[in-house]
Amino acid sequence: MAARTTKSRARPVRSPSRRSGRGAARTRTGSIALIRRWWKAAAGATATAGFAVWVALFDGAAALERARDEVLRVIGFGMLVLAGWAVYGAAASWRGWYLDRRLFARRTAGAAALGLFVWGLLGLNEARWAVGTVDFSEVSLGGRFGQALVAGLLGKVAWVSLFVIAAVLLAPGPSRWVAVHVPLWLQEAWERRLPHRAAAAVGRWIAFIFRRPEREEEIVIGAGEFVPAQAAGPPLEAPPVVFRPRIEPGAPASTVGTGAAAAFTTVPAEAPAPPEPEPEAEELPSAFAQDAAGSPAEPEPEEPEQLGLPLETRSGWHLPAMELLNPPQPSASRRHDNAARAQLIVDTLASFGVDATVVEINEGPTVTQFGVEPGWEVRYKEVPLRDENGKPIVGPDGRPKTERVEVSRTRVRVNKITALQNDLALALAAPSLRIEAPVPGRAIVGIEVPNDSATVVTLRSVMETKEFAELARKSKLAIALGKGVAGAPVVADLATMPHLLIAGATGSGKSVCMNAIIACIMMNATPDDVRFVMVDPKRVELVGYSGIPHMAFSEVIVDMDKVVGVLQAVVGEMEARYKKFAELGVRNIEGYNKHPRTLKKLPYWVVIIDELADLMMAAPFEVEKLICRLAQLARATGIHLIVATQRPSVDVVTGLIKANFPTRIAFAVTSQTDSRTILDMGGAEKLLGRGDMLYLPRDAGKPIRIQGVYLSDAEVERLVTFWKDDRFRSLAPETADALLEEALAAQNGGEANIEVEEDDPLVIQARALAEKHQRISPALLQRRLRVGYLKAAKILELLEAEGVVGPREEGDSRRVLARAGTDDDG
Ligand SMILES: Nc1ncnc2c1ncn2[C@@H]1O[C@H](COP(=O)(O)OP(=O)(O)OP(=O)(O)O)[C@@H](O)[C@H]1O
């Protein structure tokens, strides 16, 4: 302050010289001021002009657009949230909400959470809109910020939590109500099995999408002729639909009955087509017909590989190409409506008070399996309604009002469904129906309903599947059996079976099955790998194979006299193999073939007997003994038996034979007893014939239903021609005929040693038998006198010498000459 006073006092002091030149100085100062003013005016004018030019050149609209786009890109329509918050802030200050600090804090936090939740919701929405240069499909309606709010799983969890927080803070009352009631709703939904059903439906839907095998082209047997090939039909059924009864099965008895009857009238069930006559062998589909009309003799292998196996083996053998077999043909479209049949099944069950739903439909080549899930058996009770004083409430009609209350809830028993088998067959108008309860490994009951037309499963269609290819790579004895009820291929390894018993009524498909097994092996194994021993008493089925290099003995055995010798020869081979194994210290054929000291690999032997009943008639004791011996011991030596019979009675398929053949195939049989004889359980009597079979694998508790593969005679012929080709002549391995001759000689030698005296008690009994019969045969003596074939033949020779019986006639039987009996048992 003092300094400022000093300064102001000092200012008036001026130099005398300055005072003296005041006029000139004033003139100079005025011109400088003028220059300065001009300069300022010029600068101002220049700046104004520059600004005017800049304004003239500047594109304000574009800049604004850029700014708007940038804002939209970053916050998107989240600006609405910002606006909402601003409105909330204005309202809070206007209304003085901030005065109640706790309420204000809660509401503010709630508004913030709600705003962020809405912003996240916008961030989830990647709309196909664009504003200016902003594409919302890239940045979302919530802009980048909205997108960031819901990024990743954690972001989404946090976003959902924001909603909960907002709801709790802004609406605590309703939130509490929801929190109390939602668990109750969930509990009820759980009790009604809604989540289970939803999960099952989703699971089935996924399974339906991913599991369904590709529709293979197939051939269809139509009404007496093969239906011409058609393009693949419509999808078998819509994605999983659960069929529920249209009537209430759990309702009190009174509601069932009229309800069921009413429901049946509306079911648009289609009447199944009338049974179609058997196709004639000549009337084969296009591919088959081509064969009949003289197909090219033998197609040259085009593919270098088949099933991943080299077509040419090291020893010079060639394996036949797949083209030798008939290609799969497209299947015909079905006329039946599976959805209607499923509805009919649940309605029929419901009409008998059985609650069930069809949860799965599997259409196979011959039958369609409806997977039925048993429902609940609910018991109700009528309880009188009472007012708050405990008095019964009376209705307008004067009767006490009642309420229906659930008393108990139990699962429907499976045998309630199986007991309705005939009623279901009636409702579906199905010729026969089989129920598999439960389907192994599944929580459903399988109701198998025949299709209106069967589809032929060609051998090639199963051999070309990856299941078969995988097995064939591991085993030379891989077999394509057919397709299951859901159309999945079924393959098996004969080496692990290790023996197979096939039984079924005549015309059910046994021979086709055996031919398919043989063909399958012939397609994949050379004579160095596998050899066949074939016994065909019927002289029709297997004789066509004679001459192929796979035969262990050069002929197919048709003569019953040789059967015992053949079986003994096979036993001899088995024993010889065991000796070889012992020398090398190995335990089985695999060990022997891999052993470094093995000079020549041993081939597998497959012994095929077409009619066991004929063998058992000819020499029951020897045949049973030898077959059981082989079945028990031959497996390790690589000898496997396939035995077929059309007489599945206990005298043919004896307990001993059954015990030694754990793997069995039952074709259609006439009675449940026959089915029990083969499989130890019923079911085969319900089969439809023509390749429809039940396959009981070794360790399985239950058989699998399969439509067996079909092999035409022309295919067999082509295969046989292939293997009989001259180019293989030099390679043909030695047969084991010497072994057979040795066995037969031993059998004959044994015959020479059998002494039969005239006063032998057996001869006396034979004479007594002759008195009772008009004809007599060795088989009769074998059965009645319990002797072997050779002894029986010797006794008959003695009786012939005595003139009691005549000479041997057709079928080994002899006429009784000494006197005429009463019955014709021979
Ligand atoms: N897998 C199959 N697919 C379609 N049709 C088949 C199948 N198997 C057999 N068939 C039909 O059934 C008919 C009889 O079959 P097959 O000759 O194999 O019966 P079988 O049981 O051996 O009779 P038999 O004991 O009298 O010899 C065949 O001609 C064929 O038309």
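Modeller: Let me start with burial: a residue is called buried if 20 or more other C-beta atoms lie within 10 Å of its own, exposed if 12 or fewer do, and partly exposed in between, with the C-beta atoms placed from the backbone. By that rule, 38% of the 826 residues of the protein count as buried. Please keep in mind that this is a predicted model, in which local features need pLDDT of at least 70 and side-chain atom pairs count only at pLDDT 80 or more, while totals for chains, interfaces and linings use all residues. Residues are numbered from 1 along each chain as its sequence is written.

Biologist: How many helices and strands are there in the protein?

Modeller: The protein has 30 helices and 23 strands, where helices (H or I, at least four residues) and strands (E, at least two) are DSSP runs, numbered from the N terminus.

Biologist: OK, and what share of the contacts join residues at least 24 apart?

Modeller: Two residues are in contact if their C-beta atoms, placed from the backbone, lie within 7 Å. Among contacts between residues at least 6 apart in sequence, 70% join residues at least 24 apart.

Biologist: Let's look at a helix pair. At what angle do α6 and α9 cross?

Modeller: The axes of helix α6 (residues 101–124) and helix α9 (residues 152–170) cross at roughly 145° and come within 8 Å. Axes here are lines fitted to C-alpha atoms, for helices over the stretch in contact, and angles run from 0 to 180 degrees between N-to-C directions.

Biologist: And which residues meet there?

Modeller: From α6, the residues involved include Ala109, Ala113, Leu116 and Phe117, and those they meet in α9 include Trp159, Phe163 and Leu169. The residues of this contact divide into twelve nonpolar, two polar and two charged, where Ala, Val, Leu, Ile, Met, Phe, Trp, Tyr, Cys and Pro count as nonpolar, Asp, Glu, Lys and Arg as charged, and the others, Gly among them, as polar.

Biologist: New topic: which residues of α16 are buried?

Modeller: In helix α16 (residues 421–428), Leu424, Ala425, Ala427 and Leu428 are buried. They cover an arc of only 165° around the axis, which puts them on the same side of α16; the arc is that of the directions from the helix axis to the C-beta atoms. The face turned away from the buried side of α16 carries the exposed residues Asn422 and Leu426.

Biologist: What covers that buried side?

Modeller: The cover over the buried residues of α16 includes α14 (338–351) and β11 (445–450). α14 also lies across β6, β7 and β11, and runs at about 150° to β6.

Biologist: So what order do the strands of that sheet have?

Modeller: The order is β6-β7-β11-β10, four antiparallel strands in an open sheet. β6 (356–363) and β10 (434–436) stand at the edges with a single partner strand each, so one side of each has no neighbour in the sheet. Two strands pair if DSSP finds at least two bridges between them, and strand β7 (residues 367–374) is joined to β11 by six bridges in the antiparallel sense. One of the residues involved is Gln369, whose bridge partner in β11 is Glu448.

Biologist: What about β17, is it buried or exposed?

Modeller: Six of the six residues of strand β17 (residues 604–609) are buried, so β17 is largely enclosed by the rest of the structure. Tyr604, Val606 and Ile608 point one way from the strand, and Trp605, Val607 and Ile609 the other way. In a regular strand the side chains alternate between the two faces of the sheet.

Biologist: Which strands pair with β17?

Modeller: Strand β16 (residues 530–535) pairs with β17 in the parallel sense over six bridges, and β17 pairs in the parallel sense with strand β18 (residues 639–645) over five bridges. Trp605 stands opposite Arg531, and its bridge partner in β18 is Ile639.

Biologist: Last one: where is Ala631, and what is it in contact with?

Modeller: Ala631 is in helix α23 (residues 620–633), and it counts as buried because 22 other C-beta atoms lie within 10 Å. Leaving aside its neighbours within four places in sequence, Ala631 is in contact with His499, Leu641, Asn660 and Phe661.
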